[in-house]
Amino acid sequence: MTPFRNRAFSAVMLCVAGAYLLLVFWGTWSLDLSALYYAARFYGLGLHGEIYQASTDFFGHIPSPALTAMLKEQGIREAVVPYLYPPIWAYLASSLALHLSPYAFFNAFLVIQTALVFAAIPLAYRLAHPSQFPIWAWTAISCFLIVSTFPVLFAVDLNQLQITVAFLIILAFERARAGAHVSAGVALGLAAAIKVVPILFILVLAAERKWKAAWISGATSAGIAVLSLLLAGIDLHIALLDQIARLNAKLVIGDVNLGLSGLLTQLTQTGGALNEEAVMAQRFVVTDAVQWTRAVAYLVFLICLVPLFLTTRHLPDPLWPRLFGVSLLIALCGPLGWFHYLLVPLILLPGIVTVAHRYMAAVIILATFVVFSFALFDFVVIDRGLALSMGLVGTIWLVAVFVALLISSVLLSRMSVQSIPRGSSPA
């Protein structure tokens, strides 16, 4: 296949898969994006005290009289979740929220974020630049994973801003590879300004000695924080910190959470099972956070960074395995562990061919599809009511993939060292 036909075929697959997602989710209620819409609407109306509201257990419906009245006025009977982003985003979206209905707002974001999901695929290919692996094959695998795996469909259904964040993270490292350190730093800094956790990817930049991109990303996120303070004032930022404290006091246990902290809490506090009432009602329960489980998860994150970076240091091109490994660790060890945190590793997944034998890579990709497929989720969770199963299986699978990645990196690292003539330095 000629390079032109290769790219054209890939573009057609991206467009078809994107159109499919738009068709499936067009006009649906975007639960997570409802937080931004109503926060922006309250900001535009000057009702700043209503922006950072949350229920007692944080994850329930917001018991706000002002919100209830607004929903009734709009004829909306759907739930709205708490707003957890810096005030600057409510400020910037306020004009849209005042002039658009919720569904028009959601559809606009659905178009943008669907485009970003599929735009991330060629970026990930350039980032991994696998030899002897055509872009049409990479695109085919990626499109199939995106339209069939629960973590991605979950994110699109919610219209989760994690989609935009995932795109920015992949863009940042594609730009860093290309030597465009300023744009790389700006992209990662913007991702961190939306959600704080992406700032951890600076560790990958540091390991790659891309210092300029690292400090620009930190400066960008800090600059946006200052701009947010100037535009929205300090009171809303104090309210944001209080909102984060309320969030950190709670933990979700169920099929949509695969974090290590949640797994440890399941095994030590609930005996590894959810009560039948919770399963039938909403497939998850909200409990008080057990801080030692989070401390263990953070410690695991730090401990696993060492072998990840050490075993990849002699690889001819360690960027992909380091980025993939850190993205898996963040999904596994983060404080919330939502399924949609798997967006980055799923988009990067075909790059496993760069560190593993093609047969092993095929097994990992196929097993990932099986474990995280929507079909399995539908059968295990919805049809069988086993709400805990996907969380347990997902966590165990994340550990397995990470271990497989480390083993592959160790083997390739040794092969790389052995192939270097004596007296020369490793690449």
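Is Cys143 buried or exposed, and at what relative accessibility? At 6% relative accessibility, Cys143 counts as buried. Buried means under 20% relative accessible area, exposed means over 50%, and partly exposed lies in between (1.4 Å probe, protein chains only).

This is a predicted model: local features need pLDDT of at least 70, side-chain atom pairs count only at pLDDT 80 or more, and totals for chains, interfaces and linings use all residues. Residues are numbered from 1 along each chain as its sequence is written, and side-chain values use heavy atoms, with hydrogens and water left out.

**Overall build**

- The protein has 20 helices and two strands. Both are DSSP runs, numbered from the N terminus: helices are H or I with at least four residues, strands are E with at least two.
- The protein has 427 residues, and 54% of them count as buried.
- Take the contacts between residues at least 6 apart in sequence: 78% join residues at least 24 apart. A contact means heavy atoms within 4.5 Å.
- Accessible areas come from the Shrake-Rupley method with a 1.4 Å probe; for residues, only the protein chains shown count as cover.

**Cysteines**

- The structure holds zero disulfides. A disulfide is a pair of cysteine sulfur atoms within 2.5 Å.
- Cys304 counts as buried because its relative accessibility is 18%.

**Helix H9**

- Helix H9 covers residues 181-194, 14 residues in total. From first C-alpha to last, H9 reaches 20 Å, close to the 20 Å expected at 1.5 Å a residue. The expected span is 1.5 Å times one less than the number of residues.
- Buried residues of H9 include Ala184, Leu188, Ala191 and Ile194.
- Their cover includes H4, helix H8 (162-177), helix H10 (202-207) and H11.

**Nonpolar surface patch**

- Tyr91, Leu92, Leu227 and Leu231 make a nonpolar surface patch of about 330 Å². Patch residues have over 30% relative accessible area and no salt bridge; nonpolar side chains (Val, Leu, Ile, Met, Phe, Trp, Tyr) are joined within 5 Å, like charges within 9 Å. A salt bridge is a side-chain nitrogen of Lys or Arg within 4 Å of a carboxyl oxygen of Asp or Glu.
- Helix H4 (87-99) and helix H11 (211-232) each supply at least two residues of this patch.
- Leu227 is found in helix H11. Leu227 counts as partly exposed because its relative accessibility is 40%.
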